[in-house]
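These are my notebook entries on one protein model. I record what I looked up, one topic at a time.

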Amino acid sequence: SKSSEEIKQQNSELSEKVHSLVSANSAMKLDVEDLHKKLEMAELMIQQFSNQAGSLDANQQLQMALEEKASLETQVAQLSESLHQLQAERDQYVEKLKEERIIWQQRVQQLSEQVHTMAEEKEKHMAQIRELEANVTEL
């Protein structure tokens with residue numbers, strides 16, 4: 001019973017970790033989507049500035065847009081890497097939960113078999129007691 005409570009506690013903790021990782025994963029996906037949108041906007045700005053020829057101001061804006069694009073690409077790469085790490089970690093937790101569930105099911109099965117065996121033994125002993133009582137009464 002104590003070990004089953006410990007296993008339940010571990011399962012609960014691992015479930016909470018999985019849920020928090022799933023939430024973090026979702027948030028990162030939204031961040032990645034947002035960064036992709038910003039990247040698209042930066043590319044559109046680059047195209048617009050590229051079409052405007054000549055002025056120094058446009059060249060400066062183009063340079064800034066290119067720098068922002070590079071920065072956004074770096075952020076996207078970092079977030080993608082973090083997302084992959086979180087997914088791998090989530091998969092490990094899920095696998096651990098599956099293993100814990102299997103162990104838990106095996107323990108429940110063992111205990112169930114023990115209860116069944118003890119019930120059969122009790123029934124045999126009760127029959128022996130009745131038989132002995134009958135013998136005592138007969139004697």
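Entry 1. Which residues does UniProt list for "domain: Golgin subfamily A conserved"? I found that the unreviewed UniProt entry gives residues 78-139 for this domain. I note at the outset that the model I am reading is predicted. Over residues 78-139, I read that the chain is 98% helix and 0% strand.

Entry 2. I next looked up the elements of the whole protein. I recorded two helices and zero strands. The radius of gyration is 34 Å, well over the 14 Å that the globule rule gives for 139 residues, so the protein is more spread out than a compact globule. I also noted the box filled by the C-alpha atoms, which is roughly 125 × 20 × 15 Å along the principal axes.

Entry 3. I then turned to surface and contacts. Of the 139 residues, 17% are buried. The accessible surface comes to about 10,900 Å², and carbon and sulfur atoms account for 53% of it. What share of the contacts between residues at least 6 apart in sequence join residues at least 24 apart? I read the value as 81%.

Entry 4. For charge, I recorded 15 positive and 26 negative side chains. The centres of these two sets lie 4 Å apart.

Entry 5. I looked up N25, which is found in helix α1, residues 2-51. Is N25 buried or exposed? Its relative accessibility is 5%, and the cut-off for buried is under 20%, so N25 counts as buried. Leaving out residues up to four places away in sequence, I found that N25 touches L83, L86, Q87 and R90.

Entry 6. My next residue was A70, whose place is in helix α2. A70 has 38% relative accessibility and counts as partly exposed, because that class lies between the 20% and 50% cut-offs. I then checked A70 against A42, 28 residues away along the chain. The C-alpha atoms of A70 and A42 are separated by 9.7 Å.

Entry 7. Last, I looked up Q106, found in helix α2, which covers residues 56-138. Q106 has a relative accessible area of 45% and is therefore partly exposed. How far apart in space are Q106 and T117, C-alpha to C-alpha? I recorded 16 Å for this pair, which is 11 residues apart in sequence.

Methods
Residues are numbered from 1 along each chain as its sequence is written. This is a predicted model: local features need pLDDT of at least 70, side-chain atom pairs count only at pLDDT 80 or more; totals for chains, interfaces and linings use all residues. Side-chain values use heavy atoms; hydrogens and water are left out. UniProt positions are given in the numbering used here, feature names are shortened, and annotations may be inferred rather than shown by experiment. Helices (H or I, at least four residues) and strands (E, at least two) are DSSP runs, numbered from the N terminus. The radius of gyration is taken over C-alpha atoms; the globule rule is 2.2 Å times the number of residues to the power 0.38. Buried means under 20% relative accessible area, exposed over 50%, partly exposed in between (1.4 Å probe, protein chains only). Contact means heavy atoms within 4.5 Å. Accessible areas come from the Shrake-Rupley method with a 1.4 Å probe; for residues, only the protein chains shown count as cover. Lys and Arg count as positive and Asp and Glu as negative; His and the chain ends are not counted. The place of a charge is taken as NZ of Lys, CZ of Arg, CG of Asp or CD of Glu.
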